[in-house]
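Thanks, everyone, for making time this morning. I would like to walk through one model with you, going residue by residue where that helps, and I will give the cut-offs as we meet them.

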Amino acid sequence: MTKSFKTFLKHTAKDFHNQSVNPPVVRASTIIFKSMQHIRKTQAKAQKNPIGGHYDYGRQGTSTTFILQKILTKLEESYHVFTTPTGFGAVFLAIFSVTRPGDEIIVADPVYSPTRLLTEKFLKEFNIKTIFYNPGDLKTLEKNITKKTKLIFVENPGSNSFEFQDLGKIVSIAKKNKILTAIDNTWATPYYFKPIKFGFDMSIVSATKYYSGHSDVMGGSLAVNKKVFSKVYNAERITGLRLGPDDAYLITRGLRTLDVRLDRHRENAKKVAAFLSKNKKFKLLYPYKKDSYNFRMWKKYYSGASGLMGLKIKAKNINSVKKFVNSLKLFGYGYSWGGFESLALHQEFRETGNRKYLNLSKDEHLVRLHIGLEDPNDLIADIKQALRHLK
Ligand SMILES: Cc1ncc(COP(=O)(O)O)c(C=O)c1O
């Protein structure tokens, strides 16, 4: 019987041994064996099959983390998935695994601001040069490729500015030039777009967001194809960047309802977007209106959209934008997203960082909304009452 992934998520990892629907949290630093021979046997198995779930020390994981990795590998349709203590840990691991002093990397201009800090500032100290490309003009990517270019790092859509890129073109440029590719796919998750199947070498998801879904856990995943597996495997062992079993348990539990939650986030976001798109005071940054390049690029590659969107607001008085955000009653103010609840954030330099291609004039402001699982009519009514402050 072929089971859809939705069914798989509900039925996988039942623990008949302990008679629990969810697998237990196995906490261990020491993995105990019956004899020295058993340790050696396990080590030999691990050497032969590094993705087979054979571990001899808690830093490599326990059955709890291994189960999560197995589920994610199926979701990603990848060769393997590494799990990290935070989403940013997965970003770091991807880059650290494949770059060395003297290399160059080309990075999408609107990446998540800590990714920008890592690539622009920190890597420079290790003699790794970063060039940022314009997400809407891939000539700025192609013309910067040199013999030293090792990696193209994409985030789609752009962080807080929500540009959708021509992913097919990026992968084909990379393949033509024998350059590795990584994408931060946190916004869509592999539920809506599967990067490894599509042709990327590495795919990052902050599990802190939709995977866990309840704003109470941090984690990351890095899916890889066979080509880069050994490089990431070695780097992961050297850095010790591993998710702990308690967080792995919570993320596995969250995944049970990933499809249901994401479908609802999408439905709610679509209703809110329909309301917002009618307002002339701002530009909606979400794949809703069919007549834009962003919409076409989204439609070409994605089977759905999540609940995170932006507003580009034209206002002479920045205080009116702040007042608008502060007057929202059902939207919490805080970082992160992907949980069951709605959130709002006024973006300033701290969030967008030092971008070259942002194209934001002095009287344009960015606001990010995460559309949660509340009744969308309540969310729309809340936005309506707050809009009166926008001048
Ligand atoms: C697109 C994206 N990638 C990565 C991260 C980092 O994830 P974490 O907060 O789990 O470290 C974030 C966090 O906000 C993010 O928005």
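This is a predicted model: local features need pLDDT of at least 70, side-chain atom pairs count only at pLDDT 80 or more; totals for chains, interfaces and linings use all residues.

Let me begin with a question: is T140 buried or exposed? T140 is buried, since its relative accessible area is 9%, where buried means under 20% relative accessible area, exposed means over 50%, and partly exposed is in between, with a 1.4 Å probe and protein chains only.

Residues are numbered from 1 along each chain as its sequence is written, and side-chain values use heavy atoms, with hydrogens and water left out.

Back to T140, which lies in helix α6, residues 139-142; helices (H or I, at least four residues) and strands (E, at least two) are DSSP runs, numbered from the N terminus. Setting aside neighbours within four places in sequence, T140 is in contact with Y133, N134 and Y357, contact meaning heavy atoms within 4.5 Å. With N134 there is also a polar contact, because a polar side-chain atom of T140 lies 2.8 Å from the backbone nitrogen of N134. By polar contact I mean a pair of N or O atoms within 3.5 Å; within protein, one must be able to donate a hydrogen and the other to accept it, and residues adjacent in sequence count only if both atoms are side-chain atoms.

Now to the ligand. Which residues come nearest to the ligand? Of the 13 residues around the ligand, those are G87, D184, S206, T208 and K209, a residue being near if one of its heavy atoms lies within 4 Å. The shell divides into four nonpolar, six polar and three charged residues, with Ala, Val, Leu, Ile, Met, Phe, Trp, Tyr, Cys and Pro counted as nonpolar, Asp, Glu, Lys and Arg as charged, and the others, Gly among them, as polar. As for individual distances, a polar side-chain atom of D184 lies 2.6 Å from a nitrogen atom of the ligand, an N or O atom in the side chain of T208 is 2.5 Å from a ligand oxygen, and a polar backbone atom of F88 is 2.9 Å from an oxygen atom of the ligand. On its own the ligand has 390 Å² of accessible area, and the protein covers 91% of that; accessible areas come from the Shrake-Rupley method with a 1.4 Å probe, and for residues only the protein chains shown count as cover.

A182 is buried, at a relative accessible area of 0%, and, not counting residues up to four places away in sequence, A182 touches L151, I152, F153, V154, F200 and M202.

Next comes helix α14, residues 318-326, whose buried residues are S320, V321, F324 and V325. Seen down the axis of α14, these fall within an arc of 140 degrees, so they line one face of the helix, the arc being that of the directions from the helix axis to the C-beta atoms. They pack against β9 (308-314), β10, β11, β12 (364-370) and α16 (376-387). At the start of α14, a side-chain oxygen of N317 reaches to within 2.9 Å of the backbone nitrogen of N319.

The loop between β10 (332-333) and β11 (343-347) holds S342, which is buried, with a relative accessible area of 2%. Its side chain makes a polar contact with the side chain of E374 at 2.8 Å and reaches the backbone oxygen of H370 at 3.4 Å.

Finally, some backbone geometry. Most residues other than glycine have a negative phi, and most peptide bonds are trans. Here, a cis peptide bond joins N156 and P157, with omega about -5 degrees, and P157 sits in the loop between β4 (149-155) and α7 (167-176). F162, in the loop between β4 and α7, has a positive phi of about 60 degrees although it is not a glycine, and F162 is buried at 3% relative accessibility. S215 has a positive phi of about 55 degrees, again without being a glycine, but S215 is partly exposed at 45%.
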